Amino acid sequence: MKDSLFKRLVVSGVLGWLVLFGAVPTLMLLAVSFLSRDPDNLIKPVLSLSSYAELFQPALGAMLAESMAMAATATLLCLLIGYPFAYVVARADRRYTRTLLLLVMIPFWTNTLIRTYALVAVLKADGVVNKLLLLLGVVDAPVKLMYTPTAVFIGLVYTLLPFMILPLYAAIEKLDCKLLEASRDLGASRFSTFRKITIPLTMPGIVSGCMLVFLPALGMFYIPDILGGARTMLLGNYIRDQFLAARNIPLGAAASVAMTVIMGLMLALYYKSVRRAGRKVRI
Amino acid sequence: MTQPVVTLDGVSKSFDGETAVENVSLSIKDGEFITLLGPSGCGKTTILRILGGFEECDSGAVELDGRSVRGVPPESRTVNTVFQSYALFPHMNVFDNVAFGLRIAGKTEAEIHRTVDEALKLVRLESMGRRMPKELSGGQQQRVAIARAIVNKPRVLLLDEPLSALDYRLRKQMQKELKELQRTLGITFVLVTHDQEEAFSMSDRVVVMNDGRIEQVGSPREIYEEPTNLYVARFVGEINVLDGTVTGRQGESYTAEVEGASVLVKARREFADGDRVHVLLRPEDFRVEVMKDLEESPDLAHKFAKALLKGTVDGTCYRGATYDVDITLDDGKRILVTEFFDEDSETLYFHAGDRVAVGWFEGWEVILPHEG
C-alpha cells in the first residue's frame, strides 16, 4: 500500500528533526571526544584518547561515584514519594484524577531555573521554612538548609518528581484491580499483594520513572550550583565546567559520552534481567 | 441436621444510595451446588463479593461455618473465587499462578509441587505448567483459574460468571466438567450466572434474583415447573400467560373462565370466587389440533374435548428437534406452542391460517394470583 503524501511528510519531518538536532550533535560530541585540546582554537583535529585517560583519574572517579550516589539517592527519594502519590491518583475517583494530574504538571509552566531561585527564598536562613519553624517553636535558631546536600536533594526531588510520577501513574492505572482482589482471595495480605503483584506488574513504570529522573539528576548542574554552592560537584557541573570554564571541550565531550554509555549499560542490564525472568516489559 | 456452611440473614447493601442487595436471607448447605440466577444488576455478584470479603454488607449478618465474618478480610476467609475475567497473574506461569495460595500459606516446595500437579491434572492441564497465561486459550485460562482456587481446599468456591467468555460448545463442556469437579471434590460451589440453562444443568438449587431481592429458591425443576411469580416464570424459559377468573370450586380443582373458555384448573394456592388469576403454560404444555380434522374424526374430537380455546395459526418456526407455532386466540391473545415433528409426515402439520383448537395437558398449568 502506498503511504499518503501527508504521512510521508510528517514522518520525514520528524525523522529530519531527530537527525538534525539529536543524532548529528551526538555524533559530533562523540567525534570531538576523540580529538585533542588546543588552547587557542578549542580543539585540534588530532586523534587522541587522552580525554578518556583523564576520566580515569582517581579524583574524577570519586566525583563520578559521588555524583552517581547523589543521583541515585534523589531517584530513590522521588520513587518513595512518587509511588504513593501516583497510586492514589491512579486509584482516585475519575473526577479528581484530571485535577491531580494537572497539579503535577503545573510546575512545568514555570522555568526550572526560576523555580530553583524560588527555592532559595524558601530555604534560606530567613526563608519561609525557617520562619515557619521558628514561629511554631520547633527550633530556636534558623536551621542551615542552603548550601547543604539536603538543599540539593530538595531541589532535585522537587524538580524531577513529575518525571517519576507520570510513568508510574501510567503503569499503575493499567493495573487490573481484579488481580489484587485475586491475590487477597488466595490468602495474601495487603503487603504481600503489593510486593508480589503490584510491584512486579508496575515495574515498567518504575524503571522508566527512575531512568527519567536519574539521567537528568546526573546532569542538572544548576541545582547543585544554586542550592549547594560550589561545594557539591556533580557530573553535570563537571561537564559544564569543562566546556565553559576550563575550555577543555574534548574532555567535556568524553565525560558526556561516558555518562551516556553508563546509562546505556544500565538499560541493557535491566533488559537482560527482565528477559531472564521470562517477562516482556514495554517502556 | 448438618450446619449450613453459609448463612445470610437479612443482608442489605447499597452503593451511593442505590440498593444492590435488599434483605437477602439464604442458607447454603455443605457440599451443594447453588446458583444465583438473575439479570445483570440484580445483586447476585454483590452477594458473591460479600461472601468473598470484598464488600461489607450494610446490615444483616453473614456467617461462614457458624461464625460471623464481619470485618474478616478476604485473605482470612476459607473461600476462594474464580473471577469472571479469570484474573490470572500475567507475570507468573501457570504453575506459579496455581501455587500462589500455597506459597502464601507457607507450604513446603515438595508439598506445593505435589498439590499443584494434582490440581493441574484435575483440570487436564498437566503439561501446561510452564506456559504463561497469555499463551493459553480462553478455556485453558478458565481451568487455571479453577485450579488456582481449588488447590487451597476452600470450604466454599465462589464462581462469578465463570463461563460467560467461552463459546457455546466449550461452555457446555465446562458445565459438565464443573459439575463433575464439584462432585469429586465435595466442595460447596456458589455460582453466579444470568444463563438459566447453565443454572439448571449444574445446580442442586437455584436462587432466582431480581432487583436485589430473592424471588424464589428451589431445585431447577421446581423453578421451571412451579414458579412462584410471573417474574420467575418469565425469566426461566418461554412462558405463555393466559388471563382468567376463578368461577367456582370442584373438589381439589377450580373452575375458571380463561381467555373466554370455561376450564378446570388445578392450583396449589387458595383462591376465592371472582379472583383474577394468571394461567401459566410452557410452550410444550399445549396440545393443539386442527379444527377441520376434529370435525372429520369423532375419535380425535373426543380426545380433544377439553381443548376449548379456539385460535388461528399465524406461522411456524423451525427449531431443529422441534418447531414453534405462533397462534392468535380468538380473543386476540397470542401464544407460542412447541410441537415435536410428526415422524410419519414429511411436512409440518400446521400451516398459517389453520383454525385450531388449543388445550393443555391437565395439571401442567400453574395458577398465580393476578399481578399488576
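In chain B, strand 16 (residues 309-318) and strand 17 (residues 322-329) run antiparallel and are joined by 7 bridges. Strands here are DSSP runs (E, at least two residues), numbered from the N terminus, and two strands pair if DSSP finds at least two bridges between them. The model is predicted: local features need pLDDT of at least 70, side-chain atom pairs count only at pLDDT 80 or more, and totals for chains, interfaces and linings use all residues. Residues are numbered from 1 along each chain as its sequence is written, while chains are lettered from A and ligands numbered from 1 in the order in which they are written.

**The sheet in chain B**

- B:Tyr318 stands opposite B:Tyr323, a residue of strand 17 of chain B.
- An open sheet of 5 strands in chain B has the order 15-19-16-17-18, with antiparallel pairing.
- Strand 15 (286-290) and strand 18 (334-340) of chain B each have a single partner strand and stand at the edges, so one side of each is left without a neighbour in the sheet.
- From one strand to the next, the twist averages 45° (axes are lines fitted to C-alpha atoms, and angles run from 0 to 180 degrees between N-to-C directions).

**Loop residues with positive phi**

- B:Asp16 is not a glycine, yet has a positive phi of about 50°; the residue is found in the loop between strand 1 (6-15) and strand 2 (18-28) of chain B.
- B:Asp16 counts as exposed because it has 5 C-beta neighbours inside 10 Å.
- B:Asp211, also not a glycine, has a positive phi of about 50° and lies in the loop between strand 9 (205-210) and strand 10 (213-218) of chain B.
- B:Asp211 is partly exposed, with 15 other C-beta atoms within 10 Å.
- A residue is buried if 20 or more other C-beta atoms lie within 10 Å of its own, exposed if 12 or fewer, and partly exposed in between, with C-beta atoms placed from the backbone.

Conventions:
Helix = DSSP H or I, 4+ residues; strand = E, 2+ residues; numbered from the N terminus.
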